[in-house]
Amino acid sequence: MNRIRSLVLVAPVLAFGACATPAATSAARVRWEPVVVWEGDSGFETVKVGRPDSSDPDLQIVGVDQAGHMVHVAFHGGVAPAAAVIYENHSEMTGLCIADADPEVPGEEIYAGCYEPGQDGVGGNVVQVVKAGGGWRARRIFDAGAYVHGIAAVPPATPGGPVRLVAATYANELHVLTPHAGGTWTSSLAYGGPRTFADPQPKDPRPRMKDVVILRDPAGRAPHEAFAVVAGGDVVYADLDRPGSAKVVHQEEGGYGRVCVDEASGAYACGYWGRVQHFVRDGAGGWKFDVIDEEGKSSGLRGIVTGRFPLPGTRGGDAPLALYGFHALCRLLVEGEAGYDPVTIFRDSGRGHTQIAADLVPGNDADEIVLSGYSKKIVVLVARR
Ligand SMILES: [Ca+2]
């Protein structure tokens with residue numbers, strides 16, 4: 001543990017507000033500044049944002065890495081970040097979700113998809129980590145039988161109803177986990193797909209479900225539909241309130257890395273071979289997509305997020321999407337007359353594996369981007385004006 005150190009590099013995060021205004025003739029210049037909030041000894045699998053420490057009014061960052069460290073970053077709007085390891089699994093963790101699901105726990109809990117402690121490649125389960133007194137407490141809530149690489153929370157279907165979790169596994173399964181009074185959890189299988197794929201990637205078979213999100217309902221109901229992507233190339237849709245509804249809606253050559261919801265009732269997905277797709281409902285119960293960017297076969301995309309991302313320089317305007325991946329680039333996708341154009345705002349020191357966006361720094365009229373991967377660092381990109 002002593003090899004891990006927190007880098008409290010607090011650049012003058014909020015100091016820009018105090019700077020003298022440049023000459024009135026120049027437009028406001030935007031510069032994306034990388035702020036390193038943690039450097040560990042292993043590559044990070046996933047980062048998420050939430051409030052698992054309810055005593056901290058600010059949004060916090062949680063990351064899980066390949067050596068089994070769960071890191072909590074109290075970001076404090078960038079003024080005085082402080083980070084610590086709050087759980088050690090001694091083997092890889094990837095699936096990650098921060099949600100107020102368990103009625104027995106006040107505030108938000110952290111859920112992580114883990115291998116058996118100390119045994120990489122063995123089993124697969126979900127561990128709940130919660131703030132308790134001055135420390136953190138962990139307990140297993142679900143044995144998936146296969147590695148859980150993605151977890152998403154499903155809002156209550158009715159006021160006062162349970163918040164459920166969806167766990168996406170390396171056995172190409174979607175499990176729905178429901179909490180109950182007394183701290184027990186029950187599960188049901190929403191989807192079980194093929195275990196083998198005729199896949200050109202070298203690691204066959206690849207029934208590995210990599211990411212899952214919960215779609216917005218087109219009629220404004222509480223969200224109830226899962227959208228998941230598989231390394232073998234499947235896009236899986238499942239209405240969690242309609243057993244038997246799950247189906248594959250597309251097969252992508254090269255397989256998938258990540259998925260995120262759009263501003264309506266659709267989703268964006270990014271493929272390992274670099275295609276970025278926008279999936280929308282076709283009006284007949286099915287799905288269709290547009291390809292909005294192609295980053296190339298070697299890009300190994302591992303991140304797609306929506307948000308309000310100011311364009312760098314003096315051109316003005318915001319981009320609605322950001323990408324990240326093995327090409328180690330964080331790129332904004334800017335909507336132009338002939339589609340989307342990528343604009344690189346950050347080059348990492350290692351392959352990118354995880355990215356999330358949130359309004360972590362108040363007052364800069366922008367969302368921040370948290371990213372990590374093989375650099376072993378958690379970096380927050382902050383737009384300075
Ligand atoms: Ca902000």
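Me: In the largest nonpolar core, which residues touch the most other members?
Reply: A nonpolar core is a set of buried Ala, Val, Leu, Ile, Met, Phe, Trp, Tyr and Cys residues joined through C-beta atoms within 7 Å; buried means 20 or more other C-beta atoms within 10 Å of a residue's own, exposed 12 or fewer, and partly exposed in between, with C-beta atoms placed from the backbone. This is a predicted model, where local features need pLDDT of at least 70, side-chain atom pairs count only at pLDDT 80 or more, and totals for chains, interfaces and linings use all residues. Numbering starts from 1 along each chain as its sequence is written. Of the 110 residues in the core, those that touch the most other members are Ala112, Val126, Val166, Ala226 and Ala322.

Me: Which strand gives this core its largest share?
Reply: Strands are DSSP runs of E with at least two residues, and helices are runs of H or I with at least four, each numbered from the N terminus. The largest share of the core is 6 residues, and they come from strand 28 (residues 377-384).

Me: What does Ala322 touch, leaving out residues up to four places away in sequence?
Reply: Two residues are in contact if their C-beta atoms, placed from the backbone, lie within 7 Å. With that cut-off, the partners of Ala322 are Val305, Gly307, Phe309, Cys330, Arg331, Leu332, Gln355, Ala357 and Ile369.

Me: How many helices and strands does the protein have, and what radius of gyration goes with them?
Reply: The secondary structure comes to 0 helices and 28 strands. The C-alpha atoms fill a box of roughly 65 × 55 × 45 Å along the principal axes. For the radius of gyration, taken over C-alpha atoms, the globule rule is 2.2 Å times the number of residues to the power 0.38. With 385 residues that rule gives a value near 21 Å for a compact globule, which agrees with the protein's own 20 Å.

Me: Is strand 8 largely enclosed or exposed?
Reply: Strand 7 (residues 109-114) pairs with strand 8 over 5 bridges in the antiparallel sense, with Tyr111 opposite Gln128. Strand 8 (residues 125-132) also runs antiparallel to strand 9, joined to it by 8 bridges. Because 7 of its 8 residues are buried, strand 8 is largely enclosed.

Me: Which residue in the turn between strand 8 and strand 9 has a positive phi?
Reply: Along this pair, Val129 stands opposite Ala138, and Val130 has Arg137 as its bridge partner. The two strands form a hairpin with 2 residues between them, and the turn residue with a positive phi, about 60°, is Gly133.

Me: Is Asp365 buried or partly exposed?
Reply: Most residues other than glycine have a negative phi. Asn172, in the loop between strand 11 (164-169) and strand 12 (173-179), has a positive phi near 60° and counts as buried, with 25 C-beta neighbours inside 10 Å. Asp365 has a positive phi of about 55° in the loop between strand 26 (352-358) and strand 27 (368-373). With 13 other C-beta atoms within 10 Å, Asp365 is partly exposed.

Me: Over which residues is the pLDDT below 50?
Reply: pLDDT is the predictor's confidence in each residue, from 0 to 100. The protein averages 92, and 91% of the residues score at least 70. Where pLDDT is low, the predicted coordinates should not be read in detail. Beyond near neighbours in sequence, the stretch below 50 has 31 contacts in the model, and it covers residues 1-25.

Note on methods. Two strands pair if DSSP finds at least two bridges between them.
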